[in-house]
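Subject: Structure handover

Hello,

Please find the structure below. My notes on the fold, the ligand and the pocket follow it.

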Amino acid sequence: MADTIFGKIIRGEIPCHRVYEDAQVLAFLDIFPLAPGHTLVIPKEAKATLGELSDESAAAIGRVLPRVCRGVERATGCVGYNVLQNNGSAAHQVVMHVHFHVIPKLADGRGLGIGWEAGKLDGAAGAELAKRIAEGM
Ligand code: AMP
């Protein structure tokens, strides 16, 4: 995989405001925050999208994410928070190294804005789709 700015941060070649670090995971403040406290949680494993991640890295990220969420909540006094994880440029991913955004939602409205145009799940189509997804795992 091509090197990214997050690879440089992991190696300490460019600075970050570090929130947490262990052998497999790094968390640091987003440089263009949607709200103060917007934090990125990344695996040290260099993979572009979540589906490419090893089980070990995935488990390590899963262990750390709730802790970071607690830290963001306590530090910001937010009224809620979103965990966002983009995969692919069509899905708004800019940095091609897996990362989770923890974005506090503040009482004044700052945070993630979401456009959510929901459809309706058809029963028969849903059964077929669920089967195909399960087979692809
Ligand atoms: P995404 O659109 O999901 O790929 O988000 C990438 C995020 O990385 C954006 O929110 C950027 O603000 C953030 N970002 C890019 N470069 C840096 C950096 N050097 N330090 C911290 N955050 C960064």
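**Fold and ligand site**

From the N terminus, the order of elements in the chain is α-β-β-β-α-β-β-α, with helices (H or I, at least four residues) and strands (E, at least two) taken as DSSP runs and numbered from the N terminus. That makes three helices and five strands. The C-alpha trace of the chain spans about 50 × 40 × 25 Å along its principal axes.

This is a predicted model, in which local features need pLDDT of at least 70 and side-chain atom pairs count only at pLDDT 80 or more, while totals for chains, interfaces and linings use all residues. Residues are numbered from 1 along each chain as its sequence is written, and side-chain values use heavy atoms, with hydrogens and water left out.

The ligand has 16 residues around it, and D30, H92, V94, H99 and H101 come nearest; a residue is near a molecule if one of its heavy atoms lies within 4 Å of it. By class, this shell holds 10 nonpolar, five polar and one charged residues. The classes are: Ala, Val, Leu, Ile, Met, Phe, Trp, Tyr, Cys and Pro nonpolar; Asp, Glu, Lys and Arg charged; the others, Gly among them, polar.

Taken alone, the ligand exposes 500 Å², of which the protein buries 84% (Shrake-Rupley method, 1.4 Å probe).

The ligand sits in the largest pocket, meaning that more than half of its atoms lie within 2 Å of the pocket's grid points. A pocket here is an open set of points on a 1 Å grid over the protein atoms alone, where a 1.4 Å probe fits, with protein on both sides within 12 Å along at least five of seven lines; lining residues have an atom within 4 Å of a point. Two elements give two or more residues to the shell around the ligand, α1 (5-10) and β2 (25-29). Of these, α1 gives the most, with three residues.

The largest pocket holds about 520 Å³ of space, a volume filled by probe spheres set on the points. Its lining has 21 residues, with F6, D30, I31, F32 and L40 nearest the centre. In the lining, too, α1 and β2 give two or more residues, and α1 gives the most, with three. The lining divides into 14 nonpolar, six polar and one charged residues.

Regards
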